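Please look at the chain below before reading on. The report then goes through some of its features in turn.

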Amino acid sequence: MFKALLVEKDDEGKTSASVTEISEDQLPEGDVTVAVEYSTVNYKDGLCIGPGGGLVRNYPHVPGIDFAGTVESSSDDRYKPGDKVVLTGWRVGENRWGGYAQKARVKADMLVPLPEGLTTRQAMAVGTAGFTAMLAVMALEDHGIKEGPVLVTGAAGGVGSVATAILANLGHQVAGVTGRPETADYLRELGATQIVAREEINETTKRPLETETWGGCVDAVGGAMLARVLGQLQYGASVAAVGLAGGANLPATVVPFLLRGVNLLGIDSVMQPYDNRLRAWQRIAKDLPMDKLEAMVRPATLADLPQLGADILNGQVQGRVVVDVNA
Ligand code: NDP
């Protein structure tokens with residue numbers, strides 16, 4: 001038997017999450033069983049700890065959209081007991097049991113070997129949010145980052161924090177947009193050279209084009225903020241759109257695309273091919289300063305998760321929460 005955060009649904013459709021003992025034969029089918037060491041708290045986890053937000057198909061459910069740990073047994077030649085592995089994506093923790101347990105069973109295709117130079121804890125300090133931030137930076141690089149600061153929206157959140165640290169470490173000027181002025185020192189420590197108040201970019205304007213300001217943008221917020229940013233990009237610059245913490249509607253015009261040649265790049269961390277996942281993890285090991293990563297981390301246990309799930313949905317989590325499932 002081992003510990004897991006199990007989300008159950010009662011006859012009235014109400015969900016509740018608690019730390020429970022489960023057995024290995026309850027795990028889903030798969031070719032690799034992993035002794036999980038760390039998992040994290042992401043926005044989707046907040047949804048899955050609660051009523052599911054349409055992501056969870058079957059109850060009882062073990063959430064946790066990412067994890068890192070050690071292979072315990074494997075029927076696939078690519079992995080052997082003792083190998084360190086990391087998992088993000090594949091809807092693990094959504095429609096398949098995930099990382100909020102001391103053991104997980106998955107398909108070998110879903111795993112990536114832990115890159116050299118990273119511990120399992122560091123990999124989860126990065127987690128899905130940081131992995132996505134790296135994919136966003138790689139997408140901006142592929143399309144060319146222009147002159148001027150790179151804007152990061154939702155900067156104090158998980159994706160935003162890691163994006164800020166990576167971009168600053170690569171030598172870019174970084175402007176962090178935050179609705180929490182008290183996080184300014186934290187963002188400066190991560191390498192932000194400019195702090196932009198959320199209201200400044202959230203205000204609507206009738207002008208489809210404004211002064212060309214940003215050399216690129218990693219956007220975790222979407223909605224009105226993304227629409228406004230499109231009209232403030234340098235000619236030919238790109239936004240890597242990652243999330244919708246500020247809403248799914250995009251009240252934009254086509255003008256920035258036509259008159260400034262800007263690019264809107266969608267980033268999806270869930271269905272990345274193996275080679276991209278490996279490349280992104282290797283870049284993380286190389287380009288993310290580990291001392292900065294440490295500054296972003298808040299430790300947690302399985303028992304803390306019900307509260308943390310609610311907090312992240314309310315936009316109240318700063319940086320990255322690393323869950324030690326054995327604590
Ligand atoms: P967090 O909650 O950690 O961060 C989101 C940040 O957005 C908050 O910290 C806050 O930043 C800002 N924010 C929240 N609400 C609003 C609002 N109403 N208006 C403006 N800003 C707001 O979440 P993550 O960083 O983990 O994820 C961010 C988004 O990215 C989510 O939508 C998530 O689902 C998505 N995501 C997408 C992935 C993909 O594959 N595409 C992978 C991972 C995440 P501040 O306090 O600084 O203002």
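The sections below cover helix packing, a surface patch, salt bridges, backbone geometry and a few loop residues.

## The model

The structure shown is a predicted model. Residue numbers start from 1 along the chain as its sequence is written.

Helix H2 is made of residues 120-143 and helix H3 of residues 158-169. The crossing in which H2 passes H3 is right-handed.

## A nonpolar patch on the surface

Which residues form the nonpolar patch on the surface? They are Leu250, Val254, Phe257, Leu258, Leu259 and Leu264. Together these residues have about 540 Å² of accessible area. Helix H7, residues 255-260, gives the largest share of the patch, with 3 residues.

Leucine 250, one of the patch residues, is found in the loop between strand S12 (238-241) and H7. Its relative accessible area is 39%, so leucine 250 is partly exposed. Residues count as partly exposed when they fall between the buried limit, under 20%, and the exposed limit, over 50%.

## Salt bridges

Side chains of opposite charge can pair when their charged atoms come close. The structure holds 15 salt bridges. One of them joins the side chains of arginine 78 and aspartate 76, with an N to O distance of 2.9 Å. Aspartate 76 has a relative accessible area of 17% and is therefore buried.

Helix H8 (residues 274-287) holds both aspartate 287 and arginine 283. The two are 4 residues apart, about one turn of the helix. Their side chains meet in a salt bridge of 2.5 Å, N to O, and both residues are buried. Aspartate 287 also forms a salt bridge with lysine 286, where the closest N and O atoms are 3.5 Å apart. Are these two partners buried or exposed? Aspartate 287 is buried because its relative accessible area is 6%. Lysine 286 counts as exposed because its relative accessibility is 61%.

## Backbone geometry

Most residues other than glycine have a negative phi, and most peptide bonds are trans. A cis peptide bond joins tyrosine 59 and proline 60, with omega at about -5 degrees. Proline 60 is found in the loop between H1 and S4.

Tryptophan 90 has a positive phi, near 60 degrees, and is a residue other than glycine. Arginine 91 is not a glycine either, and its phi is positive at about 65 degrees. Where do they lie? Tryptophan 90 lies in the loop between strand S5 (84-88) and strand S6 (103-106), and arginine 91 has its place in the loop between S5 and S6. Tryptophan 90 has 26% relative accessibility, so it counts as partly exposed. Arginine 91, with a relative accessible area of 35%, is therefore partly exposed.

## Residues in other loops

The loop between helix H1 (43-49) and strand S4 (66-74) contains isoleucine 65. Isoleucine 65 counts as buried because its relative accessibility is 6%. How far apart are the C-alpha atoms of isoleucine 65 and aspartate 45? They are separated by 6.5 Å, and the two residues are 20 residues apart along the chain.

Serine 75 has its place in the loop between S4 and S5. At 63% relative accessibility, serine 75 counts as exposed. Its C-alpha atom is separated by 9.8 Å from that of lysine 107, which is 32 residues apart from serine 75 along the chain.

Threonine 301 lies in the loop between strand S14 (297-300) and helix H10 (305-313). Threonine 301 has a relative accessible area of 24%, so it is partly exposed. The C-alpha atoms of threonine 301 and aspartate 11 are separated by 29 Å. Along the chain, these two residues are 290 residues apart.

Conventions:
This is a predicted model: local features need pLDDT of at least 70, side-chain atom pairs count only at pLDDT 80 or more; totals for chains, interfaces and linings use all residues. Side-chain values use heavy atoms; hydrogens and water are left out. Patches are made of residues with over 30% relative accessible area and no salt bridge: like charges are joined within 9 Å, nonpolar side chains (Val, Leu, Ile, Met, Phe, Trp, Tyr) within 5 Å. Accessible areas come from the Shrake-Rupley method with a 1.4 Å probe; for residues, only the protein chains shown count as cover. A salt bridge is a side-chain nitrogen of Lys or Arg within 4 Å of a carboxyl oxygen of Asp or Glu. Buried means under 20% relative accessible area, exposed over 50%, partly exposed in between (1.4 Å probe, protein chains only). Axes are lines fitted to C-alpha atoms, for helices over the stretch in contact, and angles run from 0 to 180 degrees between N-to-C directions. A crossing is left-handed if the near helix is turned anticlockwise from the far one by less than a right angle, and right-handed if clockwise.
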